[in-house]
Amino acid sequence: MSVNILKMNLRIHFLKKEEVLMIKESYEEIIEMEKNRQKENVELIASENFPSERVLKAAGSILTNKYAEGYSGRRYYGGCKYIDMIETKAIEDVCKLFDCKYANVQPHSGSSANLAVYRALINPGDVVLGMSLDAGGHLTHGYKMSFSGQDYEAYSYGVDENGYLDNEEFKKLLYEHNPRLIIIGASSYSRTIDYKLYRDIIDEYAEKHGGEKPYYMVDMAHVAGLIAGGVHPSPIPYADVVTSTTHKTLRGPRGGIILTNSEDIIKKINKTVFPGIQGGPLEHIIAAKGICFEEDAKPEFKEYAKQIIKNAKAFSEEFIKNGWKVISGGTDNHMFVLDVYTSCGLSGKDVEVLLDDINITLNKNQIPNDTLPPLKSSGVRIGTPAMTTKGWKEDDFIKLAHVIMDYLKECQKEKTGDSIDTVKESTKEKYKKEVQIIVKK
Ligand code: PLP
């Protein structure tokens, strides 16, 4: 390799033109390198997955050549006969999968889907209420550096001292600030969300408050596959509008969707997605989304969804049994947050880097009321969807938990002060081999 990629990443913002030319490998070679990384590494990022060959083939297909601004039967370009068939079929399949009436499958990502909902239903300056980033919410749920916190007056609820959604705080903020849009859903929350409960709270508030009822949006991006697989409750009967990504537990291509049972809302959403915030839809991705919806309706996917949860429970329980701290004391879904700072004295960032060195990929994560800044963080987020796709069962995750705990304890002993540079290469090699044994079993 012509450059030390890790070092380069750290300096990426400061690269000079000559330095960029240092990457000698072709794009194809780099893709091959990434393919090998994905094959050899243990993938624990809770929002990643390995879609099927069918999905990948559609995503890389000639459909990328076609412009199709507009919607089926109402396009701004000719030659859309087959594109219309694809998009209509994908809409039908996603509506069947989630048992809802209307869908827009064009959002390029989860963030664009969320942007479309804000733009379609409320006005700039309106009040929104979402989960705070450090408690597990997403940037687009009102964070100050996102459009959602900049263009709207955003308030955030969090979790209680046990790590569960703080419904008292939610109600207090609801009554105090009278939001126009309420967002339920998270990027790192390991407990079941009771969507009906929020419908009831919002209805009761609306009755007492009078005036226009706030919109209730659920962002189910993380748990969509579990909902499709029937192992997590669905928000569809309760929320006014539901958004999701398609590339996490759903196991499809990178993209977003918006679902609703309201004809009025889907009309507003459709106008906002195109021409409001997007131009030509990515029809190759829409075909890949359709294939994923078809696959997710199969009995095998239900089994997969069940196994994701069994694996996450077994994995988190192994840490807990050995005295490590898991936020909220466990998990009901596909992920959990491990408080590594309390458990082994290393920051989330250090753990991310150290585990990367032995071919385990995960990401640092803030814990509720974190004492470390976001770029360090006290926790790491751990998810089981990707390795469950690769066929891992409870035993594999239990073995991995021990490799992680033993390795990090050794790293903690070998580090000097705040630096992890003194962790020995021989230690890394030893544990890398142990990881390889589990991967290759
Ligand atoms: N919503 C939630 C809950 C997420 O976790 C994420 C991404 O992680 C998104 C939305 C945004 O998705 P994307 O990265 O496709 O914009």
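**Helix packing, domains and the ligand shell**

Helices α13 and α17 are roughly parallel to each other (angles under 35 degrees count as roughly parallel, over 145 as roughly antiparallel, 65 to 115 as roughly perpendicular and the rest as oblique), because their axes cross at roughly 30°. The model is a predicted one, in which local features need pLDDT of at least 70 and side-chain atom pairs count only at pLDDT 80 or more, while totals for chains, interfaces and linings use all residues. Residue numbers start from 1 along each chain as its sequence is written.

Helix α13 spans residues 299-321 and helix α17 residues 394-414, and the two axes come within 8 Å. Helices here are DSSP runs (H or I, at least four residues; strands are E, at least two), numbered from the N terminus. Axes are lines fitted to C-alpha atoms, for helices over the stretch in contact, with angles running from 0 to 180 degrees between N-to-C directions. Sorted by class, that gives six nonpolar, one polar and three charged residues (Ala, Val, Leu, Ile, Met, Phe, Trp, Tyr, Cys and Pro are nonpolar, Asp, Glu, Lys and Arg charged, and the others, Gly among them, polar).

Then there is the pair α5 (residues 81-98) and α12 (residues 283-296), packed at about 35° with axes 8 Å apart. Here the crossing is left-handed. Residues of α5 in this contact include I83, I86 and L97, with I286, A287 and F293 among those of α12. The tally is eight nonpolar, one polar and seven charged.

As for domains, the chain splits into domain 1 (57-296) and domain 2 (303-439), with bounds from an automatic or database domain assignment. Their C-alpha centres sit 30 Å apart. Where they touch, 20 residues of domain 1 are in contact with 22 of domain 2. The domain 1 side of that contact comprises six nonpolar, 10 polar and four charged residues.

Finally, the ligand is surrounded by 15 residues, the closest being S109, G110, S111, S187 and A221 (near means a C-beta atom, placed from the backbone, within 6 Å). Helix α6 (residues 110-121) supplies the largest share of this shell, three residues. By class, the shell holds 12 polar residues, two nonpolar and one charged.

Methods
Two residues are in contact if their C-beta atoms, placed from the backbone, lie within 7 Å. A crossing is left-handed if the near helix is turned anticlockwise from the far one by less than a right angle, and right-handed if clockwise.
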